[in-house]
Amino acid sequence: RRRRHGDGGMMVVDDFRVAEQEISLRIPPMVWSPTGFARTMAEHIADVVRPGDRVLELGLGSGILSILAMKLGAESVTALDINSQAIESALDNWRANGLDPAKADFRQSDLFSAMTEEELGRYDLVFSNPPVLPQVGDVVRAPRSRNDFEVSGRDGRRMLDAVLRDGGRYLAPGGCLLTIATSLQGWEETEALLREHWRDWELRQTLSMELTEECTPEYMEYWRERERQDGRPRYYPGEGHYLHDVWFLSARSA
């Protein structure tokens, strides 16, 4: 339920109902509003989070998923994001939803760089809704819009690869990892990392989802070129728009 939508550099104020929880958000223009990815991820988080869990999120954004985890009984939430505005707004949203600021440890971080050795093996649940856009060309520029925070290295895999490669290091025995991968990034690479780093993993859900507005022609041509190179479709037409496959994945530590 949207109370006020600001555009042209204005704040967005939204109410969301996810996993049977009401969450109110104020979202500045440089921070992403929750997408279909996040709304579906919320259902998977609700399915696995347990009362008393210590939770770690990579890619905090508006804070909706971390807020959800706390509302569902988590003991505490540590969350990381490279975007300083995301950190600030997510903490504001945390307070606005009546949650204890002492239970939130939000840090500006490039991937897991803000984590410490003492936190290895500490968390019961690690989750991430990673960006998917590829780096086009060799020039890396400072973010000028929220869409620039969707760019994540070659094939859009930089954050996803870090989650699959390093996320398990922060899980306690029996802990759960949740993340999302897409056909835009290539399934074979994702499956190889799952097999290399996880003995127990599963594909929880597959959806066909529409490409959204940030998938501009330069990205679509990039994916077409990758398809010409390796023969693996990145996206496909469907009822007047383009779709891609989205995979919701979980894995458990030994």
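Helices (H or I, at least four residues) and strands (E, at least two) are DSSP runs, numbered from the N terminus.

The model is predicted: local features need pLDDT of at least 70, side-chain atom pairs count only at pLDDT 80 or more, and totals for chains, interfaces and linings use all residues. Residues are numbered from 1 along each chain as its sequence is written, and side-chain values use heavy atoms, with hydrogens and water left out.

Stay on α4, which spans residues 158–166 and has seven of its nine residues buried. Show their side chains: Met159, Leu160, Asp161, Ala162, Val163, Leu164 and Asp166.

Next, select Asp161 together with Arg157. Their side chains meet in a salt bridge, at 2.8 Å from N to O; the term requires a side-chain nitrogen of Lys or Arg within 4 Å of a carboxyl oxygen of Asp or Glu. Both Asp161 and Arg157 are buried.

Now select Arg158 and look for its partner. Which residue forms a salt bridge with arginine 158? The partner is Asp110, and the closest N and O atoms are 2.9 Å apart. This pair links distant parts of the chain, since Asp110 sits in the loop between β6 and β7 while Arg158 belongs to α4, 48 residues apart. Asp110 counts as partly exposed at 33% relative accessibility, and Arg158 likewise counts as partly exposed at 41%.

Move to Leu111, in the loop between β6 (104–108) and β7. Leu111 has a positive phi of about 55° although it is not a glycine. At 15% relative accessibility, Leu111 counts as buried.

Then go to Asp155, in the loop between β7 and α4. Its phi is also positive, about 60°, and this residue is not a glycine. Is Asp155 buried or exposed? Asp155 is buried, with a relative accessible area of 2%.

Finish at helix α6 (residues 217–230), where Glu227 and Arg224 lie three residues apart, about one turn of the helix. Salt bridges that share partners join Asp155, Glu188, Glu189, Arg226, Asp230, Arg232 and Arg234 into one network. The side chains of Glu227 and Arg224 meet in a salt bridge of 3.0 Å, N to O. Glu227 is partly exposed at 23%, and Arg224 is partly exposed at 26%. A search of the whole structure finds 24 salt bridges.

Methods: Buried means under 20% relative accessible area, exposed over 50%, partly exposed in between (1.4 Å probe, protein chains only).
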